[in-house]
Structure formats: C-alpha cells, structure tokens
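Biologist: I am new to this structure. Could you walk me through the terms used for it?

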Amino acid sequence: MQAWMFFSSLKVMIARESFLFGLPNTATILSSQPSMSRKETFQKLTVVFLSLFWVTVPFSVSVSQISAIISMFCFVLVFRFPKPGSIPIFWIGIAFYFWIFGIRFLSGIEGLPEWKKILIHSEFSDFWMFLLLPVLQSQSRKDKTKIRRFVQIGACFLILSGLVSVVFPYRLAGFVMDGFQYLEGKRLPHLIGHLPGLGIPLYLPIGFQNTHLTYGGLLSLFLSFLILKTFRLFKLKKLQRGKFSGKILFLLFLSFSGVLLLFLNQSRSIWIGLSVSLIFYLSIKRKTHWEPVYEVLKKSYIRIIVASFIFLFVFFALYRSNWLFQRSIDQLFTKQTLENQRVWIHKGTRNIIEAHPYFGVGSGNYKKKFEFSYLPLIEKKPYLYYEISITPKSHAHHDFLHFVSLGGFVAGTLFLFLWVQILISFLRNPKHSGQYLGIYSVFIAGFFQCYLLDDEVVLPFLGILSLLPGSNREITFRTKLKQSVLFLLFPLFISLSLIYLGTKAKEDELFFHRTRDIHNFLSPIAQKTINGAAQTIPDSEVFYFKLEGCLSHFANLNGKKRKREKPYSFRIDLPQSKEGTFPEAVKIELRERESFDQDQKFKAHKERILSENKFQLQKGENKFDFSNIPFSNSEEIYFLDFGIEYVWKKEKGKLSEKSIPVLKIEENCGE
C-alpha cells in the first residue's frame, strides 16, 4: 500500500517537473512509436528505468537501485555492449573489486555465513554498480539528453526534500516508512538553531537520507546540474520575458536553496571538495594558462575584496551564534576527543597497511583487522578501551587508504588509474565540465569520508560520470602528467602527510577525563583544573561539575573482560600559601553511568547516584580512595564517574573571587 502511494505521488511530481524542463513524461517515451520491435522495446525500457533511477535517488536507495538493476537487465536483452577499450573506467573498477575478492578468497572463507557476508555485505558487493557505466555510456546522444533532464528533475526533488527536512521535526525517511507517523524511540534530527525573529526551529538538512554526509554527497553531485541549467536559461534572450519567467524564478529559488542547504548541511568534507573543484574547473577551462585568470583578478579585485569581507562577516556571525557551526570549525583545530576520533581510525588503518602493505586484507576484513591491531595497546593501556571500542570501524574514513588496506599496493594503483581516467575525461571536455564538478569533489571529499563506499552516493556518482560527454580530443602526455600531479597526486600527498603527522601523536595525548556541568554541557573552567592549574571564578558559595571516571572492568576488543579490583582514586591539592580563597570542603558523588556506544544505539547513557559524602579539605594533598562499588550489575561494564561540588565558607562583606583547586587523576583512576 505504501509503495503504491509512493509511486502514485512520484508520478504526479514527475509530470509537473517534466513540464519545467520541456520533457515528456516516461509514459510518452514508450508510446512515441506505435509499433516497435522487441529490441526497440527493451531499449525504450532501458531509458525509462534509467530516468526513473535518477528521479528516485533523492527518496529511496532501494527503489533507485531496483530501477538501475532493471535498466541493466533490459540493456542486456538489447544485446549491445561497448568495446572494452571505450570504457576503461568500467574495467578498472571491475578489476579492483575482483582483486580484493581474490585476496579475501585466498585468505580463506569458512562456511556459508561467511560467503554470504562477503558477497552481500562487504565492499565486494558493490561491484555490480559499475555495470551502470556501460549501460549509460552506450545510450544514444538523444537518449542521454533525455536522461540528463531527469537528473535535473532529481536535483529538484533532492533540494525540495532538503528544504522540508530543515523545518520538519522528524526524520523524513523513518516518518514515511512508519506510515507517516513518529514512533517513540526513533532518532530525531539535529537541531541547528531557530529562524531569527520567528523562533521556528531549524534542523540539519538530510532530506530522505540517513545521514547529513550522504545528503551532502548527493547535493555536491546534483547541484551543479541545476545551477548550470539556471545559468543557461538566463543567457537565452527569449526566456527573459514571457511564459517561461516563472520557470526561471523557480530554478533560481532551487539553486539558491541548494547553496543554502549545502551550507546548513555542515559537511566540511563536501565544502572542501567543492572549493577545490572550482579551482580545478578554472584550471581546465583556462587550459592551465593562468594569465587570463590573473587579468580577471586584476580587473575585479575590488569586488573580490568586498565579497571576501562579506564572507568573513557572515562566517564570524555564524560562528558566534550557531553552536553546530562553531563545533564544525573548532574540531578542525582541536585535539581528538570522543566526538572526533579520526586519529584512532587513521592509526588503526596505518597498522593494517603496515602489516599488509602489498596485498591488503581482502574484502570484508577491515573491521576484524582493525580491532586485532589494537589488542596489544589496550592490554597495555586499558583506559583506552572505551574510546577505541566506540570508534567507527567499518571503514577508514579515507577512500584511498581504505582501498589500500583492502588490496594493498595493487588496489592503490588501480584507484589512482581510475581517477587518472576520470581526469582525462574532464580534460577532453572542458566545455561541459562545469555541471560535472561534483565528480571531482568526491575525490577531494574522500580524504575525510569514504564516499565511494556509500551505496547512496556511489551509484549516482557512477551514473553522472557515465553521462560526461565523450570526445576524441587528443591530450598530450605532458598535459595529462601535469594535471594528474597537480590535481590528483599533490592533494593526495597533502592529505596523507597530514594524516601521518596526526598518527604520530602519542595515545596518552588523545585521552583525558572530561568535565561537564549539572546539565551535561562541557565545563571548560573545571576542565582546566584537571591535572592542570587552579582557576578563579566570581564570588560563589558552591561550584559543581561532573568528572568522567573509569570503567568497572578491564576489557578488550576480543570480548575478554575481567572485573576491576583496584580502588578508584584521585586527589585535590590546595596550596600551602593561599592565593585567593579556596574551598573549605568538597561533596563527592559516586555516579554510575552506562558505557554502550550511544551513536550505535541512538540513545544516551543513563546515570544514577550511588553515594554522596562530604569531606573537609586541608592545605596540601587531599587523597580520596573508593572501592567495593555497588554497581547495578556486576557482569555489565559501567563507568564510575564523580560529582564534585566545592563548598566555600560563607563570608559577610564585599564579594571576592573564589579559587578552584587542582584535581589530579591518573588515566586509569588509580596509582
């Protein structure tokens, strides 16, 4: 019933959008000829389902993949296949997937469940998506033009769904799948702020996707199609006035909305990818001669300066007013924390590559080898278990490094050959490269996320890649080498160098006991006193914060665990020579907190207070030991956190500053 409703509403939307792009709906494609041979029928069906694929991409990965598979099946029945030499990207992709499968096969596959896991749920299972390349590349010029219009319609749907998700209080995909209702316990969208003046809540735009990264990846692929379409309509004089003016206004609205959604989406990897793509576009558009670019800059430097000041003003205004945007920027420059664990991921990936540099670990083996590489470290430093255990382990958060970890040197070489071929396609078509900028942006964005492992992104990526117009234009070897070094090897070198330097950080530098206030927000003042220095605050009788403690068990990633026997301890130091007014007493809560992965279970840790005691503070060292903790379940792993409340003596008279003493605690909450 839900599927029928989806296709019925989709049919109406396609009909409306088709009018905007001057395109007949898919039904008229089949009825355009009264009598067709079986071969012609399957060819028409191929185009129909390819068109349906692009329209359904913004709504459902399952429906879009089914449409793509049906188009492939119809294409095979046409008995037409391009020559191998005309589709090198296809063969490189197929070679890569069968290489990582071969490595996995040689390492041993035991039993049917493991075969099923590799064939259906590993990286190898995506190999069929490359079959979309020959299907689309083999279409006639006329059919490709029709399909590109449906890409533009898909872009419209993607942006419209994103606009709805910005103001809708529930995740659209789950809301629709659950029968247009919200089921209690389902994950809610991230609140990013409120509309100024109206107070309307605004949410992180994700459309019908599961994550903002997937939506950002799709937006980077589709948006350039829509913007270029709008720009071309402006250049046509006959569309400046008359019945098409509404069409231009609608496309202008969608284009500006798409740029706004891209900003609100907070996908920093996509921001960087598209920024570098613009430089890449200027380079190939100017045929790598930078003199014309210099002339443009010379003539327009005043506009550029004004635009830069406006950009900086908006940037700092958003930084001051939007906590989510502020966090996105701050995490680029701060030490790695529980919210930003790329160093742990990159360290694990480096461990895998160092152990298997030539052939890799094979398809579906990344997580297993990642965990195995950390077993000795956690055994030596058990306080690192929680951070590493909740670190995402499914992929390397870097396309190139993930493929190298799976297939070693050979896979890395194939990956670069693939992008060299894509780069050559751009060099042969500088005139049409603007609307395909999203392709190259995925290469740059792939330095921060594995977009080529995301089913929702990789299939549209391959589809748009195959629509890039072909050309027999000859490109000299020198130009190929120069552009490959400048836009492939150099960015990759910068990325790998920064990652290498990041992985040189010592593990202890990445770990600290976090402090939070009574409302569970970070407490920066209290944090500075943990193994740091005393801090001053305005006059107050009490100061409270929660201190993250340690686990109730010593555990490892192989599932082994043993109950902690050593007492938990820390100390509070008051200087012998008083400088300022330090507290006379401290109340200490022992707090039990759950330790599951909150991102995986989509819910927060529950806490409860086990006990509360008050202690008088003396000058010098004040040590506190706690043992025989009555946890709720002795077999489950819990955190033992501490609630710290400093109490000052009540004094009459003028207000004075209070001093918060230093609290010293070891990594494992013991001696």
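Modeller: What follows is a set of questions and answers on a predicted model.

Biologist: Let us start with helix 3 and helix 4. Why are helix 3 and helix 4 called roughly antiparallel?

Modeller: Their axes cross at roughly 165°. Angles over 145 degrees count as roughly antiparallel. Helix 3 and helix 4 are therefore roughly antiparallel to each other. Helix 3 covers residues 38–56 and helix 4 covers residues 61–77. The two axes come within 8 Å, and the crossing is left-handed.

Biologist: Which residues of helix 3 and helix 4 meet?

Modeller: From helix 3, they include Phe 42, Leu 45, Phe 49 and Phe 53. From helix 4, they include Val 63, Ile 70, Cys 74 and Phe 75. The residues of this contact divide into twelve nonpolar, five polar and no charged.

Biologist: Next, the loop between helix 9 and strand 1. Why is Phe 180 called partly exposed?

Modeller: Phe 180 has 48% relative accessibility. Asp 178 touches Leu 183 and Lys 186, leaving out residues up to four places away in sequence.

Biologist: What makes the phi of Phe 180 worth a remark?

Modeller: Most residues other than glycine have a negative phi. Phe 180 has a positive phi, near 55°. His 397 is not a glycine either, and its phi is about 55°. His 397 lies in the loop between helix 18 (385–389) and helix 19 (399–428). With a relative accessible area of 11%, under the 20% limit, His 397 is therefore buried.

Biologist: On to the sheet with order 11-8-14. What makes strand 11 and strand 14 its edge strands?

Modeller: This is an open sheet of three strands with antiparallel pairing. Strand 11 and strand 14 each pair on one side only. Neighbouring strands are turned by 20° against each other on average, direction ignored.

Biologist: How do you know that strand 8 and strand 11 pair?

Modeller: Seven bridges join them. Pairing needs at least two bridges, so strand 8 and strand 11 count as paired.

Biologist: Last one. Why is Leu 617 called buried?

Modeller: Its relative accessible area is 9%. That is under 20%, so Leu 617 is buried. Leu 617 is in the loop between strand 10 (607–616) and strand 11 (620–626). Its contacts include Ile 572, Pro 583, Ala 585, Phe 624 and Tyr 646. Ala 585 is 32 residues away along the chain, yet the two C-alpha atoms are separated by 5.0 Å.

Key: Residues are numbered from 1 along each chain as its sequence is written. This is a predicted model: local features need pLDDT of at least 70, side-chain atom pairs count only at pLDDT 80 or more; totals for chains, interfaces and linings use all residues. Side-chain values use heavy atoms; hydrogens and water are left out. Helices (H or I, at least four residues) and strands (E, at least two) are DSSP runs, numbered from the N terminus. Buried means under 20% relative accessible area, exposed over 50%, partly exposed in between (1.4 Å probe, protein chains only). Contact means heavy atoms within 4.5 Å. Axes are lines fitted to C-alpha atoms, for helices over the stretch in contact, and angles run from 0 to 180 degrees between N-to-C directions. Angles under 35 degrees count as roughly parallel, over 145 as roughly antiparallel, 65 to 115 as roughly perpendicular and the rest as oblique. A crossing is left-handed if the near helix is turned anticlockwise from the far one by less than a right angle, and right-handed if clockwise. Ala, Val, Leu, Ile, Met, Phe, Trp, Tyr, Cys and Pro count as nonpolar, Asp, Glu, Lys and Arg as charged, and the others, Gly among them, as polar.
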